[in-house]
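Please view the sequence and the structure first.

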Amino acid sequence: MEWPVSVGANLYKGYDLVTVFQSLSRLGIRYVDLDFIKPPATFKGNAYLAHISEEDLGRSAEIRTMMTDHGLEAVTFSGHMYLVRAEEVSLFKKKMRFAREIGAKIISTNQGPRERADDFYRYMEEVVREAEILDLIVGLETAMPGDILETGQDAGKLMERIGSPQVRLTYDTGNIFYSQRGNINLPEDFHVALPYCSNLHFKDACLQDDRLHYCAVGQGLVSFDPICQMLREDHRHLPVTVEVPYFFESRNWSRFDTLDEIKPLAAVEEIVQTSLDFIRQRLGIVD
């Protein structure tokens, strides 16, 4: 069984879809995780120019053809947003249909702030019905400080309350590291979370003086070796997405700023290749 390791399109900030697809094809990459994300209030500054907009949701056939023409497939789709208001759920259901139409099996999303938990669980009933119709997994992502789901420790009770096999966990290493201010044993947390996982976002974090930013996977402070060992022993080949939002920066663990920086394409491709080489080695993936 091939291990699906995707590259998150959000790494290609400032580049259009054609450029993204051409770059991934040139690098010999098979899987892409497209993004239609609304950053939560934890982030400051401008949105980071996600590659799929609401208008694009009606272009699923065209976009899937573009992917196929570049030898690319989608296993996962990043559709992050809060699900605590009717209008949010309405848009999310459109994202769900788009994800399925481009071939994805999993759509990742945030949930909402803890004070809106009752609204979230109420609206999840509607999301679950749509997921059952589409045969799509909704991956609730370990998110930001104050959100309903911050760490793997939170997953069990949340999954038990929702009670649907269509809803699983998207485990994001970088989000957890940030939300816990680095004060967490990630391998222990992941061990608890693994039975609930549908997919993972591999995101690494670096600290320079008082500044936290995301860096190439394997170049930062996240302990990936024991996490990868658990993944190998699990034998499910859970989809992994490389996420390196290099344009986020936090000072003293405050809210993230969204930087204006757009890296040259060659620099982006170097981050992609460095991250993939590290992941393939740790997971024992042979080309």
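Leu-136 has a relative accessible area of 0%, so this residue is buried (under 20% relative accessible area; over 50% is exposed and in between is partly exposed, with a 1.4 Å probe and protein chains only). The model is predicted, with local features needing pLDDT of at least 70 and side-chain atom pairs counting only at pLDDT 80 or more, while totals for chains, interfaces and linings use all residues. Residues are numbered from 1 along each chain as its sequence is written, and side-chain values use heavy atoms, leaving out hydrogens and water.

**Leu-136**
- Leu-136 sits in the loop between helix H4 (117–134) and strand S6 (137–141); helices (H or I, at least four residues) and strands (E, at least two) are DSSP runs, numbered from the N terminus.
- The C-alpha atoms of Leu-136 and Met-96 are 7.7 Å apart, although 40 residues separate the two along the chain.
- Beyond its neighbours within four places in sequence, Leu-136 is in contact (heavy atoms within 4.5 Å) with residues including Met-96, Ala-104, Ile-106 and Gln-166.

**Thr-76**
- Thr-76 belongs to strand S4 (residues 76–78).
- Thr-76 counts as buried because its relative accessibility is 0%.
- Leaving aside neighbours within four places in sequence, the contacts of Thr-76 include Asp-33, Ala-104, Ile-106 and Thr-241.

**Helices H2 and H3**
- Helix H2 (residues 60–69) contacts helix H3 (residues 86–101) through Ser-60, Ile-63 and Arg-64 of H2 and Phe-98, Arg-100 and Glu-101 of H3.

Terms used: Axes are lines fitted to C-alpha atoms, for helices over the stretch in contact, and angles run from 0 to 180 degrees between N-to-C directions.
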